[in-house]
Amino acid sequence: MKKWIYILLLLLLTGCRMTTEEPVGYQQIKAEEAKQMMEGENKDFVILDVREQEEYDEGHIPGAVLLPVGMIDEDTATGVIPEKDTVVLVYCRSGNRSKTAAKALAELGYTRVYEFGGIKDWPYETEK
């Protein structure tokens, strides 16, 4: 019986330990917020389209840079976004790949990543 009490106590203590690490993450915002950021005074941002080349060619947000989600690593990200504190506005077609990409960028150390879903819900201008 004592053995089980010690095991339970050990499990409780390990489960309750506090950590000082900041969770790695990004902010999810609405298309309207992304548009406001694009039109704001701060012009130091990157609009990142994480779809494939064919999708990008069919239509994309003006000024967007293409970096397919499957190609994101330290080198490719640095090539498109040299500064880790640059505002990065990430989108894809429906919002799934952009979440994956935003998380990957945050894990690479980018600190101002905003994911705003997919172009299919983008009510503003696009270009080919």
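**Salt bridges, aromatic rings and a charged patch**

Reader: What's the N to O distance where the side chains of R97 and E55 meet in a salt bridge?

Author: This is a predicted model, so local features need pLDDT of at least 70 and side-chain atom pairs pLDDT 80 or more, while totals for chains, interfaces and linings use all residues. Numbering runs from 1 along each chain as its sequence is written, and side-chain values use heavy atoms, with hydrogens and water left out. A salt bridge here is a Lys or Arg side-chain nitrogen within 4 Å of a carboxyl oxygen of Asp or Glu. For R97 and E55, the N to O distance is 2.9 Å.

Reader: How many residues apart in sequence are the parts that R97 and E55 tie together?

Author: Helices (DSSP runs of H or I, at least four residues) and strands (E, at least two) are numbered from the N terminus. R97 lies in helix 5 (residues 96-107) and E55 in helix 3, so their pair ties together parts separated in sequence by 42 residues.

Reader: On to the rings: how many residues apart are Y91 and F116, and what sort of aromatic pair do they form?

Author: Phe, Tyr and Trp rings (the six-membered one for Trp) pair if their centres lie within 6.5 Å; planes under 30 degrees apart are stacked, over 60 edge-to-face, and the rest tilted. By that rule there are three aromatic pairs. Y91 and F116 are one of them, 5.5 Å centre to centre with 35° between the planes, so by the rule they are tilted. Y91 is in strand 4 (residues 87-92) and F116 in strand 5 (residues 113-118), a separation of 25 residues.

Reader: What angle lies between the planes of W122 and Y124?

Author: These two are 4.9 Å apart, centre to centre, and form an edge-to-face pair. W122 is buried at 8%, while Y124 is partly exposed at 31%. The angle between their planes is 70°.

Reader: Which residue's C-alpha atom is 6.0 Å from that of I47?

Author: Look in strand 4. Sitting 41 residues from I47 along the chain, it's V88.

Reader: Last one: which residues form the negative surface patch?

Author: Patch residues have over 30% relative accessible area (Shrake-Rupley, 1.4 Å probe) and no salt bridge; like charges are joined within 9 Å, nonpolar side chains within 5 Å. Asp and Glu count as negative, placed at CG of Asp or CD of Glu. One member, D57, lies in helix 3 (residues 53-58). The patch is E52, E54, D57 and E58.

Conventions: Buried < 20%, exposed > 50% of the residue type's maximum accessible area, 1.4 Å probe, protein only.
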